[in-house]
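Please read the following walk through one structure with the model open beside the text.

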Amino acid sequence: MLTKQQIRYCLDEMAKMFPNARCELVHRNPFELLIAVVLSAQCTDALVNKVTKRLFEKYRTPHDYISVPLEELEQDIRSIGLYRNKARNIQKLCAMLIDKYNGEVPRDRDELMKLPGVGRKTANVVVSVAFGVPAIAVDTHVERVSKRLGFCRWDASVLEVEKTLMKNIPKEEWSITHHRMIFFGRYHCKAQAPQCPVCPLLHLCREGKKRMRKRENETTSGG
């Protein structure tokens, strides 16, 4: 595993690579962000944005979502994976927002996690992006990058990854680091085709070195 200083170096390099990293889910307020993040589970932000462009014109408040039949909402988000389950959760969370929170999105992570379909990652994104509360949301990109680079152990749980990052990163940098790591994982250290040969972190990356050795061996044996 990398030292705190090595992790710092990696994060500084990511900052140089992606100085404009940000949440790519299009939204106008905390409620729209909450809906978008719920929809984004196991789905790309690009597809979510395509769907919410129409969705957010039709549904603007929690009341709007629960005033239509479930089947209608399902059809409106049909192109998104797990749409039936997500539609059901959206209606339930909207009802809960009305009943318990006066129709407002709570600013507290633990309160957000009481909402149907809202886990720790979703809650961290909402408090961080919508309300400026320092948080690190560990999605598939953050988890993959953390484990490939050796920020944490291969067998670390998502919560353990989050705690390791929180321990090694200054609190005021949690939110921006979350976005930079997502961009790094989404556009550079991809799941299927990581850009190891041109990666500025290759000399520190155990996974990258292993991949490069394998590539060299294949080239040698092929020749």
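**R60 and its surroundings**

Leaving aside neighbours within four places in sequence, R60 is in contact with R28 and F31. The model is a predicted one. R60 itself sits in the loop that runs between α3 (45-58) and α4 (62-66). Its relative accessibility is 45%, so R60 counts as partly exposed. The side chain of R60 also makes a polar contact of 2.8 Å with the side chain of E57. For a sense of distance across the model, R60 and G150 are 90 residues apart in sequence, and their C-alpha atoms are 43 Å apart in space.

One of the contacts of R60, F31, belongs to helix α2, where it is among the buried residues. How much of α2 is covered? Nine of its ten residues are buried. These are F31, E32, L33, L34, I35, A36, V37, V38 and L39. The elements that cover the buried residues of α2 include α3, α4, α6 (83-101), α7 (109-112) and α8. At the start of α2, a side-chain oxygen of N29 comes to within 3.2 Å of the backbone nitrogen of F31.

Charged pairs come next. Side chains of opposite charge can pair when their charged atoms come close. The count of salt bridges in the model comes to 18. One of them joins the side chains of E173 and R8, at 2.9 Å from N to O. This pair links distant parts of the chain, since E173 is in the loop between α10 (158-168) and α11 and R8 is in helix α1 (residues 4-17), 165 residues apart. R8 has a relative accessibility of 29% and therefore counts as partly exposed.

Another salt bridge is formed by R186 and E24, with the closest N and O atoms 2.4 Å apart. R186 lies in helix α11 and E24 in the loop between α1 and α2 (30-39), so this pair ties together parts that are 162 residues apart in sequence.

R153 and E160 form a further salt bridge, and here the closest N and O atoms are 3.5 Å apart. R153 is partly exposed, at 42% relative accessibility, and E160 is partly exposed too, at 35%. Elsewhere, salt bridges that share partners join R28, E32, E57 and R60 into one network.

H188 is placed in the loop between α11 (174-187) and α12 (206-222). Is H188 buried or exposed? Its relative accessible area is 5%, and H188 is therefore buried. Beyond its neighbours within four places in sequence, H188 is in contact with M17, F18, F183, A193, P194, Q195, V198, C199 and P200.

The last stop is empty space. Rolling a probe the size of a water molecule over the atoms shows where such space is left. The largest pocket holds about 660 Å³ of space. It is lined by 29 residues, of which D45, K121, D139, H141 and R186 are the closest to its centre.

The largest share, six residues, comes from α11. By class, the lining has eleven nonpolar, nine polar and nine charged residues.

How values were computed: Residues numbered from 1 in each chain as written. Predicted model: local features only at pLDDT ≥ 70, side-chain atom pairs only at ≥ 80, totals over all residues. Heavy atoms only, no water. Helix = DSSP H or I, 4+ residues; strand = E, 2+ residues; numbered from the N terminus. Buried < 20%, exposed > 50% of the residue type's maximum accessible area, 1.4 Å probe, protein only. Contact = heavy atoms within 4.5 Å. Polar contact = N/O pair within 3.5 Å; in protein donor to acceptor, adjacent residues only side chain to side chain. Salt bridge = Lys/Arg side-chain N within 4 Å of Asp/Glu carboxyl O. 1 Å grid on protein atoms, 1.4 Å probe; cavity = no way out; pocket = protein on both sides within 12 Å on 5 of 7 lines; lining within 4 Å. Points joined across faces, edges and corners; volume = space filled by probe spheres on them. Nonpolar A, V, L, I, M, F, W, Y, C, P; charged D, E, K, R; others polar.
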